[in-house]
Amino acid sequence: MILLCGNRSVKFPIETITDRIEENYKHYLTKYADPFQISNELINYYGVVLQNYLNTKNYQAAYGLRNKFNLNGLFLDWNGQISKQLWLAVWELYFGNYELGRDTLIKIIDFKSMFQISFSLNIDAIFKIRVADSKAYRFTKKIK
C-alpha cells in the first residue's frame, strides 16, 4: 500500500499497517465497551483489506482474513454487524460455501432496500463484482 507523506510517497506492506491499526484499536476499548465505535471501523478496514487482496489475486492472504472478522471482544453496532456479515459472505463466495455467501449477500441487499437512505457501502456493486469474480476463481481452482 502506498501512503502519501507531503510530496513523496511511502510504501508500507498491508500487514504492517494492519498490525499498527490493531495495536491502536486496543487503546480505544474499555473492558466492557467501545465508546468510540472503533470496532466498526476495524471491521470496515478488514473489508478494505479483503477487497485489496482479492483485487490483487492474493488469495492466500484473503483466505487468512476469515478469523479477523470473528475477533473476540468486538463491540459491533448494527452497522458493524451488517458489515461483518457482508465481508464474511464475500469470503464464503471464494473459499467456503458459495451458495451461503450469495444468499447472505442477497439478504443484505433485501434488508438494505427497506430503507430510503443510501448506505455508505455500495453493496450492489460488491455483489455483482464478487459473485462473478468468485465464480471465475472457483472455476480455475476447480472448487464447487
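**Entry 1: aspartate 133 and arginine 130**

I looked up aspartate 133 and arginine 130 in this predicted model and found both in helix α6, 3 residues apart, about one turn of the helix. Helices are DSSP runs of H or I with at least four residues, strands are runs of E with at least two, and both are numbered from the N terminus. The two side chains meet in a salt bridge, at 3.6 Å from N to O. I use "salt bridge" for a side-chain nitrogen of Lys or Arg within 4 Å of a carboxyl oxygen of Asp or Glu. Both aspartate 133 and arginine 130 are buried (buried means under 20% relative accessible area, exposed over 50%, partly exposed in between, with a 1.4 Å probe and protein chains only).

I note the basis of these values: residues are numbered from 1 along each chain as its sequence is written, and side-chain values use heavy atoms, leaving out hydrogens and water. As the model is predicted, local features need pLDDT of at least 70 and side-chain atom pairs count only at pLDDT 80 or more, while totals for chains, interfaces and linings use all residues.

**Entry 2: the network**

Aspartate 133 also forms a salt bridge with lysine 57, at 3.4 Å from N to O. Lysine 57 lies in the loop between α2 (38–55) and α3, and aspartate 133 in helix α6, so the pair ties together parts 76 residues apart in sequence. Lysine 57 is partly exposed, at 47% relative accessible area, whereas aspartate 133 is buried at 17%. I recorded Lys57, Arg130 and Asp133 as linked in a network of salt bridges.

**Entry 3: lysine 68 and glutamate 22**

I next examined the salt bridge of lysine 68 with glutamate 22, whose closest N and O atoms are 2.7 Å apart. Lysine 68 is in the loop between α3 (59–63) and α4 (78–95) and glutamate 22 is in helix α1 (residues 14–26), 46 residues apart. Lysine 68 is partly exposed at 24%; glutamate 22 is buried at 16%. The count of salt bridges comes to 7.

**Entry 4: helices α5 and α6**

I compared the axes of α5 (residues 98–112) and α6 (residues 123–141): they come within 10 Å and cross at roughly 170°.

**Entry 5: the chain**

I listed 6 helices and 2 strands, in the order β-β-α-α-α-α-α-α from the N terminus. Buried residues make up 38% of the 144 residues.

Technical notes. Axes fitted to C-alpha atoms, helices over the stretch in contact; angles between N-to-C directions.
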